[in-house]
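I wanted to go through some helix packing and a few backbone angles in this chain. My entries follow the order in which I looked things up.

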Amino acid sequence: MAEMKQANKLAQTWKGGKMDQAEIDALAADLAAAISSSYMTARRGEIVSGKRILESSSEDKQLLLSKKEIITNPSSKTDIKSSEKSETVEPEPLNSAFSMMPTTSPSGEILNCRQPAKVPMDAKLLRLLIDPACCSFTVYVGNYKFRCHLQVLQAHSRFFQDLPDAAVTANLASDMVTPTAFHVIYNWMLDLERCPQADCFLVELYSAAFYLKIDELVEYAFACFNESTVCGSLAFELFREAQRFAIHTFQQLMLSRIELFFLPLVASKDFVELDINWVQDLLSVQSLGVNSEIEIFMSAVRWLSHDWSGRKVHMERIMGCVRFRLLPPLFLRFLQGEQQTRVMNSICQSPKVRERVSKAFVYTSSELCDLSKDVVGLSKDRRPPVQRKWICDSRCSYHRQPGGNQGQFFTYQQFLNYLESLHQSLPKHGS
């Protein structure tokens, strides 16, 4: 409308001829401004509608671009499908609860197949116990090392039970436990050996069991030693074997089992080589097989005579083992006289020996003459002495029946001659 007014004004002015050039230019500018204003208004509507077209086309292009990206990116297929499913809801054509698998598990049925045999648990445990690589405790016996399970040792031995809780090693006394004995005992603990005596000597087994405080094996060994056949020479052999170990109680037990083997033992070098302590224990045993107490006295003289210069200091100690009141009165009278040899003379001249001989002579004389009431003041000890185990060898010239005969008498040389005969053959005893 403004454009039309400007155009009419311009036409009227132009018809009158009154317009100068400046007015013409101003009118032209106004006309151009009016024209451009209407043009822009029309274009604005076109632009708005065109923009909508462009926006819709750009959305289509964007959708096409996103589809291309989805096709080129396989990882996004799941998202597309899920979005499509969420957008497209269609009923499933098949039964969703249908399955080809059975309703019950087949493992619940008894399968017709062969099951492998199961290794027993005790066999598996034993395999671990005997494997040194699985052991955490070390036992040293001399120069030998044993890898063991401490729990196995503690199950049988009070020695290992008394060890500190943090102990990982143990050193055993080599004078009581041998490597062989410990090896056998540990295998016995593992139940690998039924008889622990199979691979080692019974004495070393007893010594190790005694040291380790294994009551079962100590009782087992004593049961073996308590057999009636363990006596005589076998008992002395066990005594000698036990000298390697510090088991004095066992050695004393074996000495008490020598009995009839005593005189053959006195005839051997083994007797004169015994220590003073063991000679004293041996001569004090009441079960020694002799024909009279004189043979005990002569045996003591033989041991002292073997090394008189070194053993004379033990003379009174050894003579204390002789039961003088069991000696015949005739022999006691002989001891009160002068002797022909240096050893016998030194013994008989000893003040303590002379005192014992005198008291014994009074006792035996009173017994023979039945004068006990008259001599009661002369001897305070009226108890009868403990008898020995009296034996009699028919081949011995001075043996008498019964044993312990009070009228018997023989010299030291006669005793040595009889011992010499025992080197050829053992005596034929009659108790």
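**Entry 1: H7 and H8**

I began with H7 and H8, which pack at an angle of about 70 degrees, with their axes 9 Å apart. H7 and H8 are therefore roughly perpendicular to each other. I listed the contact next: Thr-180, Ala-181, Phe-182 and Ile-185 of H7 meet Glu-204, Leu-205, Ala-208, Ala-209 and Leu-212 of H8. By class, the residues of this contact of H7 with H8 are seven nonpolar, one polar and one charged.

I note the terms here. Helices (H or I, at least four residues) and strands (E, at least two) are DSSP runs, numbered from the N terminus. Axes are lines fitted to C-alpha atoms, for helices over the stretch in contact, and angles run from 0 to 180 degrees between N-to-C directions. Angles under 35 degrees count as roughly parallel, over 145 as roughly antiparallel, 65 to 115 as roughly perpendicular and the rest as oblique. Contact means heavy atoms within 4.5 Å. Ala, Val, Leu, Ile, Met, Phe, Trp, Tyr, Cys and Pro count as nonpolar, Asp, Glu, Lys and Arg as charged, and the others, Gly among them, as polar.

**Entry 2: the model**

I record that this is a predicted model, in which local features need pLDDT of at least 70 and side-chain atom pairs count only at pLDDT 80 or more, while totals for chains, interfaces and linings use all residues. Residues are numbered from 1 along each chain as its sequence is written, and side-chain values use heavy atoms, with hydrogens and water left out.

I found 21 helices and seven strands in the chain. Of its 431 residues, 36% count as buried (buried is under 20% relative accessible area, exposed over 50%, partly exposed in between, with a 1.4 Å probe and protein chains only). Among contacts with a separation of 6 or more, 67% are between residues 24 or more positions apart.

**Entry 3: the cover of H8**

I went back to H8, residues 202–212, and asked how many of its eleven residues are buried. The count is nine, and the helix is mostly covered. The buried residues are Leu-202, Val-203, Glu-204, Leu-205, Tyr-206, Ser-207, Ala-208, Ala-209 and Leu-212. Their cover includes helix H6 (158–161), strand E3 (169–172) and helix H7 (179–189). Helices H9 (215–225), H10 (232–242) and H11 (248–255) are also included in that cover.

I picked out Ser-207, which lies in H8. Ser-207 is buried, with a relative accessible area of 0%. Not counting residues up to four places away in sequence, Ser-207 touches Met-176, Phe-245 and Ile-247.

**Entry 4: two positive phi values**

I then checked phi. Most residues other than glycine have a negative phi. Lys-213 has a positive phi of about 60 degrees although it is not a glycine. Lys-213 sits in the loop between H8 and H9 and is partly exposed, with a relative accessible area of 34%.

Glu-259 is not a glycine either, and its phi is positive at about 50 degrees. I located Glu-259 in the loop between H11 and helix H12 (262–266). Glu-259 is partly exposed, with a relative accessible area of 22%.

What does Glu-259 contact beyond its neighbours within four places in sequence? I found Cys-231, Ser-287, Leu-288, Gly-289 and Lys-389. Glu-259 and Leu-288 are 29 residues apart in sequence, and their C-alpha atoms are 4.4 Å apart.

**Entry 5: H14 and its partners**

I looked at H11 with helix H14 (residues 276–283): their axes come within 9 Å and cross at roughly 45 degrees. H11 and H14 are therefore oblique to each other. In this contact, His-248, Gln-251, Gln-252 and Leu-255 of H11 meet Trp-278, Asp-281 and Leu-282 of H14. The contact of H11 with H14 has three nonpolar, three polar and one charged residues.

I finished with H14 and helix H15 (residues 293–306), whose axes come within 11 Å and cross at roughly 170 degrees. That makes H14 roughly antiparallel to H15. Ile-276, Val-279 and Leu-283 of H14 meet Ile-296, Ser-299, Ala-300 and Trp-303 of H15. I sorted the residues of the contact of H14 with H15 into six nonpolar, one polar and no charged.
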